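Hi,

Here is the structure I promised to pass on.

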Amino acid sequence: MTRYGPMFGPDVTFLGVPPCTLEEPVTYADADVVIVGAPFDGGTSHRPGTRFGPSAIRQACYLPHDGSRPSLALRVDALRDLCVYDAGDVEMFSGDIERSLASLETAVHAVAAAGAIPIVLGGDHSIALPDATGVARHHGLGRVSLVHFDAHADTGDIEFGSLHGHGQPMRRLIESGAVRGDRFLQIGLRGYWPGPETLSWMAGQRMRSYEMTEVVARGLDACLSEAFAIATDECEGVFLSVDVDVVDPGMAPGTGTPEPGGFTSRQLLDAVRRVCYELPVVGVDVVEVAPPYDHADITAYLGNRVVLEALSAIARRRRDAAGGDPWNPTQPLLDAR
C-alpha cells in the first residue's frame, strides 16, 4: 500500500507499531489488528480538513513512540499483548469519491479476510460505508451489527447531487444490505438535523437512535446495555464507528460539523471501553478529526486515546477469555502489583 508520506504528514506508524503492506499478506499474516489510514475529506458538507486526521491521530501522544502502551485501568499493554501493524494510508482522491471509497473497501476487506480486526483512521464519515461493508463482506452481509457514536444520524439520501458523502453512509449501508437497520444502534444524536422525512425513513428501517435527551434522562450506561443486547442478537460481530463530534466541541473542537451539548471525552472513552470489552468487535473506525480547526491538538489526542481504549479493551477481553481472574474495574491501581 502506498504511503503518502509528506503529503499529509510524515510516514510514521501508530505510536511506533511495526508497518505492514497490504499487497504483501505475509507482512501481516500473524496480525490481530491492522491500522489503516483513510485521509479523505471529499464527502464533507461543511468544513474540510479531515484528510489530515490519520496523521494527527497516529502522532498525538506525549510518550515515546515505542510500540508500547500499558493501560493503568485494564492492566494490559495492547500494543504488545496484541499483534498490531500499521498498513499506512489508502490512496484516496477527494475529487473521485467512488474510486476512493472502493479502494478503501478493498483494503479493509483484505484485513478482515486475513483474520485481523481493521481499525480505520479517518477521514470524514463517508468512509464508514466501505469500512463496514469490507468487514461485512468477510463475516457475512447482515451478520455484523453497527454501534455508531455521533452527533448526527448520517442517514441523508442525495446531497449535492451525490449518493455519497459524510451525511449519507448509514443509509447506504442499510440499503445495500451490508448492515441490517434493526441492528443499527446510534448513540449521542442531537441538534437540528435530520428532518421529519429522514427520521421517518429511519423508523421504517427499525433503527435504534439514542438522542442526547434520552441518554441524559436514562443514563449512558443504561442506554449502552440496552443497545448491546440488540447488537448481539442474530449477529456474529459488531462494527464500531466513532465520530468525534459526538463529544461536545468544548472538548473536541477539531471537527468539521461541531454540535454543542455532547458527551464529555471521559464518557466517550468509557463507552468505547465497554463496547470493545463486552462485545465481539470485528472492526472500528474513528472519523471526523479535522486538525485545521483543533486547538492544542485536543481532538487529535482524543482520537488517539479512542483507538488505544479500543485496543486495550480488545486485549483485555481476549485475556479474560483465555482464563484467569477477569478484569475488575473496582480494583485499586496498586493492588496485586
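Let me start with aspartate 86, which is buried, with a relative accessible area of 0% (buried means under 20% relative accessible area, exposed over 50%, partly exposed in between, with a 1.4 Å probe and protein chains only). This is a predicted model, so local features need pLDDT of at least 70 and side-chain atom pairs count only at pLDDT 80 or more, while totals for chains, interfaces and linings use all residues. Residues are numbered from 1 along each chain as its sequence is written, and side-chain values use heavy atoms, with hydrogens and water left out.

Back to aspartate 86: you'll find it in strand β2, residues 84-89 (strands are DSSP runs of E, at least two residues, and helices are runs of H or I, at least four, numbered from the N terminus). Its side chain makes a polar contact of 2.8 Å with the side chain of arginine 58. A polar atom of that aspartate 86 side chain also lies 2.9 Å from the backbone nitrogen of phenylalanine 14. (A polar contact is a pair of N or O atoms within 3.5 Å; within protein, one must be able to donate a hydrogen and the other to accept it, and residues adjacent in sequence count only if both atoms are side-chain atoms.)

Next, the backbone. Leucine 15 has a positive phi, near 55°, and is a residue other than glycine. It sits in the segment before β1 (33-38) and is buried at 0% relative accessibility. Arginine 75 also has a positive phi, near 60°, and belongs to the loop between α1 (53-59) and α2 (78-81). There are cis peptide bonds to look at too: one runs from glycine 122 to glycine 123, with omega near 15°, and another from tryptophan 193 to proline 194, with omega near 5°. Proline 194 is in the loop between β5 (184-189) and α6 (196-204).

Now the rings. How many aromatic pairs does a search of the whole structure find? There are two (rings of Phe, Tyr and Trp, the last by its six-membered ring, pair if their centres lie within 6.5 Å; planes under 30 degrees apart count as stacked, over 60 as edge-to-face and the rest as tilted). Phenylalanine 149 and phenylalanine 263 make an edge-to-face pair, 6.2 Å centre to centre with 65° between the planes. Phenylalanine 149 is in strand β4 (144-149) and phenylalanine 263 in the loop between β7 (237-243) and α9 (265-278), so this pair ties together parts 114 residues apart in sequence. Phenylalanine 149 is buried at 0%, and phenylalanine 263 is buried at 1%. Tyrosine 277 and tryptophan 327 are edge-to-face as well, at 5.3 Å centre to centre and 75° between the planes. That pair links helix α9 with the segment after α10 (298-321), 50 residues apart.

Charges sit over rings as well (NZ of Lys or CZ of Arg within 6 Å of the ring centre and within 35 degrees of the ring normal). The charged end of arginine 47 is over the ring of tyrosine 293, 4.1 Å from its centre. Arginine 208 lies over the face of tyrosine 210, 3.9 Å from the ring centre.

Happy browsing!
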